[in-house]
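Dear colleague,

Please find the structure below. My notes on its salt bridges follow.

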Amino acid sequence: PQIRNAWDDKKSMARNLQEMGLAFDPNRTLPIKNKSLLGKDSGPKVPVNIVTKPYVLNKLEEEANRPEKDSKTLSSDLVEYAQYMIREHNDDYKV
């Protein structure tokens, strides 16, 4: 919802993401530096982008840092169904 709220339909996708501090093309954001035979780095230089909507990044970081719900348990519907089946059929696994 943070990205959707900050999105400007009049701007391109790359421009919107750049203003939010997000990467449109990760290959340009984090280029792989190729070492030439002479030992010099000839990798492309990345221009410094100005983030005009830092609140989007802050909200995304807050959301990512929230503790995750324990998803290792079954839903209450499945637990009730399993209890019902055990009550009905006991140890008859062929049913």
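In these notes, a residue is called buried when its relative accessible area is under 20%, exposed when over 50%, and partly exposed in between (1.4 Å probe, protein chains only). A salt bridge is a side-chain nitrogen of Lys or Arg within 4 Å of a carboxyl oxygen of Asp or Glu.

This is a predicted model, in which local features need pLDDT of at least 70 and side-chain atom pairs count only at pLDDT 80 or more, while totals for chains, interfaces and linings use all residues. Residues are numbered from 1 along each chain as its sequence is written, and side-chain values use heavy atoms, with hydrogens and water left out.

A search of the whole structure gives five salt bridges. One of them pairs Arg28 with Asp25, with 3.8 Å between the closest N and O atoms. Arg28 is exposed, at a relative accessible area of 67%, whereas Asp25 is partly exposed at 26%.

A network of salt bridges links Asp8, Lys11, Arg15, Glu19 and Lys53. Within it, Lys11 and Asp8 approach to 3.9 Å at their closest N and O atoms. Lys11 is partly exposed, with a relative accessible area of 32%, and Asp8 is also partly exposed, at 23%.

Lys53 and Glu19 form a further salt bridge, their closest N and O atoms lying 3.8 Å apart. This pair links distant parts of the chain, 34 residues apart: Lys53 lies in the loop between α3 (26–29) and α4 (54–65), and Glu19 in helix α2 (residues 13–20). Helices here are DSSP runs (H or I, at least four residues), numbered from the N terminus. Both Lys53 and Glu19 are buried.

Yours sincerely,
A colleague

Terms used. Helices (H or I, at least four residues) and strands (E, at least two) are DSSP runs, numbered from the N terminus.
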